[in-house]
Amino acid sequence: MMFLQEAPAETFNYMAFGFIVILGTMGLYVLSLINRYRNLERDMELLDEVSAKAEPSTESA
Amino acid sequence: MEPIPRNLKILTGITIALFLIALYMVFIYAPREAVMGDVQRVFYFHVAAGWVGAVAFLVTAIAGGVYLAKRDRKWDRVAVASVEIGVVFIFINIVSGAIWARPIWNTWWTWDPRLVTATIMLLLYLAYLMLRQGIDDPDRRARFGAIYGIVAFVSVPITFLSIRIFRTIHPVVIGSGDPTAEGAFDMTPPMLQAFMFSLLTFTFIYMTLLWYRVRLGRLSEQVEERKMEMMSI
């Protein structure tokens, strides 16, 4: 029936839903990249701290 | 902490600017489609997301081939980064297609050759990411990823050609397809411009994300190496 009508179909809600999914997924992926990078940076800092603490004790031993 | 390279900052700025222009073109510059109405605007990013997926998996196959030839782990980082981005964008492609299909085909999903081949492609590359996790030895993991990435790439041309070879209701926008396809439409010049601009924008989004994801992979390897060093002391 859609193709016999004169005016465009009222599909605004589907468009909005589509763009929420598209932009939302892209946004979540960007946030996941930022979050993973920050976590790794924190891990690296922690490893630096641990190795800095370990070095004097190995020297004294 | 490694600062963001200047070129990556410039690329990010260009990508954000292109993305804002693409949004303007999709929502304001391109006219409302005469039959389908507003939902047709999903088409611009739906196809562009599929394009990114195909490019991403091609880059994975190429990077895998280069890794096998040179045995340089940086190519494995590129391959896995590209798969991850490809999976995200093929997921967007499939879900946005289902949302577009609902008012046009009157169903979210149908066992159409394009939908099935695209889903198989997504599952193949999801398996790539999961199977890699199970291999501890980095060299074996990279070798496995390279061979898998090359073999799995067969799914990309099959997905692309499925609507041109098989009887399908999925429209072929560029070129000629099955005349029984539902949801096909002729693009006006502004629609075509918005479409081409979306493809360009999403290519830039892919390049930017790939660069950031490769940096993430490098940092992850550095952390792992550091941990191994500390465990060996």
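Predicted model: local features only at pLDDT ≥ 70, side-chain atom pairs only at ≥ 80, totals over all residues.
Chain B has 233 residues, and 39% of them count as buried. Its secondary structure comes to seven helices and zero strands, so that the pattern read along the sequence is α-α-α-α-α-α-α. The C-alpha trace of chain B spans about 70 × 40 × 30 Å along its principal axes. To see how the chain comes back to itself, take the contacts between residues at least 6 apart in sequence: in chain B, 76% of these join residues at least 24 apart.

One pair of helices can be followed in detail. H1(B) and H7(B) pack with their axes 9 Å apart and at an angle of about 155 degrees. Angles over 145 degrees count as roughly antiparallel, and therefore H1(B) is roughly antiparallel to H7(B). Their crossing is left-handed. On the side of H1(B), the residues that make the contact include B:Leu8, B:Leu11, B:Thr15, B:Leu18, B:Phe19 and B:Tyr29. On the side of H7(B), they include B:Pro190, B:Ala194, B:Phe197, B:Phe204, B:Ile205 and B:Trp211. Sorted by class, this contact has 18 nonpolar residues, six polar residues and no charged residues.

Is B:Ile205 buried or exposed? B:Ile205 has 22 other C-beta atoms within 10 Å, and a residue with 20 or more counts as buried, so B:Ile205 is buried. With its neighbours within four places in sequence left aside, B:Ile205 is in contact with B:Thr15 and B:Phe19, and both of these are among the H1(B) residues that make the helix contact. A separate pair shows another distance: B:Ile205 and B:Ile94 are 111 residues apart in sequence, and their C-alpha atoms are 18 Å apart in space.

The next step is the nonpolar core. The largest one has 60 residues, and those with the most contacts inside it are B:Ala49, B:Val52, B:Ala56, B:Ala79, B:Phe89, B:Ala194 and B:Tyr206. Which helices supply at least two residues each to this core? In chain A it is helix H1 (12-60), and in chain B they are helix H1 (6-29), helix H2 (42-70), helix H3 (73-105), helix H4 (113-133), helix H5 (138-152) and helix H7 (189-232). H3(B) gives the most, with 17 residues. B:Tyr206, one of the residues with the most contacts inside the core, is in contact with B:Val52, B:Val55, B:Ala56 and B:Ile85, leaving aside its neighbours within four places in sequence.

B:Ala54 is found in helix H2 of chain B. This residue counts as partly exposed, because it has 19 C-beta neighbours inside 10 Å and buried residues need 20 or more. Beyond its neighbours within four places in sequence, B:Ala54 is in contact with B:Val156 and B:Phe160. B:Ala54 and B:Val156 are 102 residues apart along the chain, yet their C-alpha atoms are separated by 6.2 Å.

Some positions in the loops are also worth a look. B:Arg71 is in the loop between H2 and H3 of chain B. Its phi is near 55 degrees, a positive value in a residue other than glycine. B:Arg71 counts as partly exposed, with 13 C-beta neighbours inside 10 Å. B:Asn106, in the loop between H3 and H4 of chain B, is not a glycine either, and has a positive phi of about 65 degrees. This residue has 11 C-beta neighbours inside 10 Å, and 12 or fewer make a residue exposed, so B:Asn106 counts as exposed.

A further loop residue is B:Arg167, found between helix H6 (155-165) and H7 of chain B. B:Arg167 counts as exposed, with 10 C-beta neighbours inside 10 Å. B:Arg167 and B:Pro113 are 54 residues apart in sequence and 7.9 Å apart in space, C-alpha to C-alpha.

Last comes the contact between the chains. How many residues of chain A are in contact with chain B? There are 26, and they are in contact with 32 residues of chain B. The side of chain A that touches chain B has 18 nonpolar, four polar and four charged residues.

Definitions and conventions
Residues numbered from 1 in each chain as written. Chains lettered and ligands numbered in written order. Contact = placed C-beta atoms within 7 Å. Nonpolar A, V, L, I, M, F, W, Y, C, P; charged D, E, K, R; others polar. Core = buried A, V, L, I, M, F, W, Y, C linked by C-beta atoms within 7 Å. Helix = DSSP H or I, 4+ residues; strand = E, 2+ residues; numbered from the N terminus. Axes fitted to C-alpha atoms, helices over the stretch in contact; angles between N-to-C directions. Parallel < 35°, antiparallel > 145°, perpendicular 65-115°, else oblique. Left-handed = near helix turned anticlockwise from the far one by under 90°.
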